Amino acid sequence: MKLLLVHPSPLMYSEIYLRLEPIGVERVAAAALAAGHEVRLLDLQIFSHSDLWREIEEFRPHAVGFSVNYLANVPEIIDLAKAIKNARADCFVFVGGHSASFVAEELLEHGTGAIDCVLRGEGELATPILLEALGDRQLGKVPGVVTVEGSGPPPPLLLDLDRFPPARHLARRRHKYFIGVLDPCASAEFTRGCPWDCSFCSAWTFYGRSYRQSSPEAAAEELAGIQEPNVFIVDDVAFIHPEHGFAIGRALEKRKVKKAYYLETRTDVLCRNREVFAYWRRLGLLYMFLGLEAIDEEGLKAHRKRAHVDTNLEALEVARELGFTVAINLIADPDWDTRRFEVVREWALSIPEIVHLTVATPYPGTELWHTESRRLTTLDYRLFDIQHAVLPTRLPLHKFYQELVKTQGVLNRKHLGVAALRQTAGIAARLLAQGQTNFVRMLWKFNKVYNATRQYEEHFRPVRYALRPPRRAGVMPPRAELYVHDPRAANA
Ligand code: B12
Ligand code: SF4
């Protein structure tokens, strides 16, 4: 069977810093290839909608599978699904991915027949079963499937992470993937899942708090096969178990793999497992992203971050001592007033790290979705990108965006201003000489992308597809009901 997998377009507000390899779809592609299917992949972060049409005309796929990790991409995918079904009624259209798994029924509803099914959960094991079932249209038995007729058995967890290494050869124009100065950059996955349970996050609910590791030899072998000199490690929290990090590192040394790395971790993990990070610094780890989320105890407690201000500050010290370039994230509460933004600006300017601000957003799949959804001021999927306020703001909305953009601007100038640019000029020149233009383009994009008036006006666009709020808003369901994967069920 001919399968075309499609990753949606970038979200405007992240495009400025990065564009990363869609490793989840590549893994689904690997599983479909292993089952004997002919597979192509098109990433709309790089290609246009007309490229997609050309691909459909030329490849004539029997099935098109869309990857919806990000809620804000939902309208784009519904419109594409409808257009494809219109043009090719015999083509099977399905949707999978992180966000799709939490809003499966409403996707089918919005699709009005254009989306044949949603496949909830991890796609590696279920996709080949689905493609197999298409022949006789026995969809109801496919694990994780949701159709207008109902749901199939629970989705299966992939216990062996080594089984389907990403089909990287299917990703075209790979030189377009980058993050900051790591240009070009590939992605890799060492572990899957997160044992913590922050209230604003759906990583733990998706995986049902399960946590799996790749084998160190397989992880190193995969990295050895990556052509790019830079690698973004997609793990939610890197090096929770230091012995795993050490073992991968040793396997890399044995193979003489030398690359530059970027990863995300928690502050308490960095403090506790300092040695493994120091070791990876020697292996080429240069950049790390730390989700601090708040600068006070009250905020940390509200996010159920299970970390303290002291630990956060200690982690920044550790990272500085080890010589990492650190980007940290803070969550802006829509309740912030002008004074609060000022305090955050002052704090952020007082430290050398790069500081990102995102807006607190109740996503389906998070606890906040259940506790806060009664207060939602919009149900427009496109605004659920953690750059828009979807809860009531204390300041008038336009003023809130002015403060947000002002703060982001001040923080960006810290790193992208004239003085900082002088420091990066050498890097920019080197990358341009190698034909890599992503980083240099990024430097000019900030003012075009971040604009308070535009962000404000985006609230008044006509809404064609609206999110469906939870049935019992304000009531927290039992934890297991939040999970896409119940680790006790249907493992494979
Ligand atoms: C790495 C990562 C990124 C990377 C790269 C993403 C990329 N190019 O795909 C970067 C840094 C770019 C990124 C950016 C953002 N991210 Co992000 N990201 C992640 C993270 C940590 C891991 C994703 C990953 O690669 N996992 C590993 C792979 C193997 O898994 P996977 O992609 O989920 O794919 C599996 C399944 O989903 C499924 N699947 C996927 N596609 C398909 C397709 C089909 C047809 C099928 C059947 C199955 C299927 O099968 C795959 C294999 O098991 C997740 C958290 C998480 N644990 O999921 C957040 C997460 C997805 N990101 C999130 C957010 C908010 C963002 C940003 C909006 C943040 C921002 N303001 O900038 C941006 C938006 C990016 C954009 N679209 O432009 C949220 C999503 C919230 C939501 N509900 O929309 C998450 C869940 C984090 C969170 N804490 O809540 N992100
Ligand atoms: S924010 Fe990070 S630590 Fe908290 S649950 Fe999500 S992935 Fe885990």
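Guide: Let's begin with one residue: Pro165 is partly exposed, because 19 other C-beta atoms lie within 10 Å. The scale runs like this: a residue is buried with 20 or more other C-beta atoms within 10 Å of its own, exposed with 12 or fewer, and partly exposed in between, with C-beta atoms placed from the backbone. As for bookkeeping, residues are numbered from 1 along each chain as its sequence is written, and chains are lettered from A and ligands numbered from 1 in the order in which they are written. Bear in mind that this is a predicted model, where local features need pLDDT of at least 70 and side-chain atom pairs count only at pLDDT 80 or more, while totals for chains, interfaces and linings use all residues.

Visitor: Where does Pro165 lie, and with which residues is Pro165 in contact, leaving aside neighbours within four places in sequence?

Guide: Pro165 lies in the loop between strand S8 (150-151) and strand S9 (178-179). Helices (H or I, at least four residues) and strands (E, at least two) are DSSP runs, numbered from the N terminus. Leaving aside neighbours within four places in sequence, Pro165 is in contact with Ala30 and Glu222; contact means C-beta atoms, placed from the backbone, within 7 Å. Arg27 is 138 residues away in sequence from Pro165, yet the two C-alpha atoms are 6.1 Å apart in space.

Visitor: Is Gly435 buried or exposed?

Guide: Gly435 is exposed, because it has 8 other C-beta atoms within 10 Å. You'll find Gly435 in the loop between helix H18 (418-433) and helix H19 (438-449). From Gly435 to His175 there are 260 residues in sequence and 9.2 Å in space, C-alpha to C-alpha.

Visitor: How do I read a helix with a buried side?

Guide: An α-helix has 3.6 residues a turn, so residues three or four places apart point the same way. Now try helix H12 (residues 274-283), where Val276, Phe277 and Trp280 are buried. These cover an arc of only 100 degrees around the axis, so they sit on the same side of H12; the arc is that of the directions from the helix axis to the C-beta atoms. Glu275 and Arg282 are exposed on the other side of H12. Packing against the buried residues of H12 are helix H10 (242-254), strand S14 (260-265), helix H11 (267-272), strand S15 (285-293) and helix H14 (309-322). Just after H12 comes Gly284, with a positive phi of about 130 degrees.

Visitor: Which residues are buried in helix H6?

Guide: In H6 (residues 104-111), the buried ones are Ala104, Leu107, Leu108, His110 and Gly111. Seen down the axis, the buried residues of H6 fall within an arc of 165 degrees, so they line one face of the helix. Their cover includes strand S6 (117-119) and strand S7 (145-147). Thr112 follows H6 and has a positive phi, near 35 degrees.

Visitor: And what about the nonpolar core?

Guide: In soluble globular proteins, nonpolar side chains tend to be buried together. Here the largest nonpolar core has 137 residues, of which Phe94 and Val118 touch the most other members. Such a core is a set of buried Ala, Val, Leu, Ile, Met, Phe, Trp, Tyr and Cys residues joined through C-beta atoms within 7 Å. This core draws at least three residues from each of domain 1 (2-151) and domain 2 (173-460), with bounds from an automatic or database domain assignment. Leaving aside neighbours within four places in sequence, the contacts of Val118 include Phe94, Ala104, Leu107 and Leu108.

Visitor: How far apart are the C-alpha centres of domain 1 and domain 2?

Guide: Those centres lie 27 Å apart. The contact takes 19 residues from domain 1 and 27 residues from domain 2. On the domain 1 side, helix H5 (98-102) gives the most, with 3 residues. By class, that side has 15 nonpolar, 2 polar and 2 charged residues. Ala, Val, Leu, Ile, Met, Phe, Trp, Tyr, Cys and Pro count as nonpolar, Asp, Glu, Lys and Arg as charged, and the others, Gly among them, as polar.

Visitor: How many residues surround ligand 1?

Guide: There are 39, and the closest are Gly24, Gly65, Ser67, Gly96 and Gly123; a residue belongs if its C-beta atom, placed from the backbone, lies within 6 Å of the molecule. Helix H2 (23-34) is among the elements giving two or more residues to that shell, and H2 gives the most, with 5 residues. The shell around ligand 1 divides into 19 nonpolar, 14 polar and 6 charged residues.

Definitions and conventions. Two residues are in contact if their C-beta atoms, placed from the backbone, lie within 7 Å.
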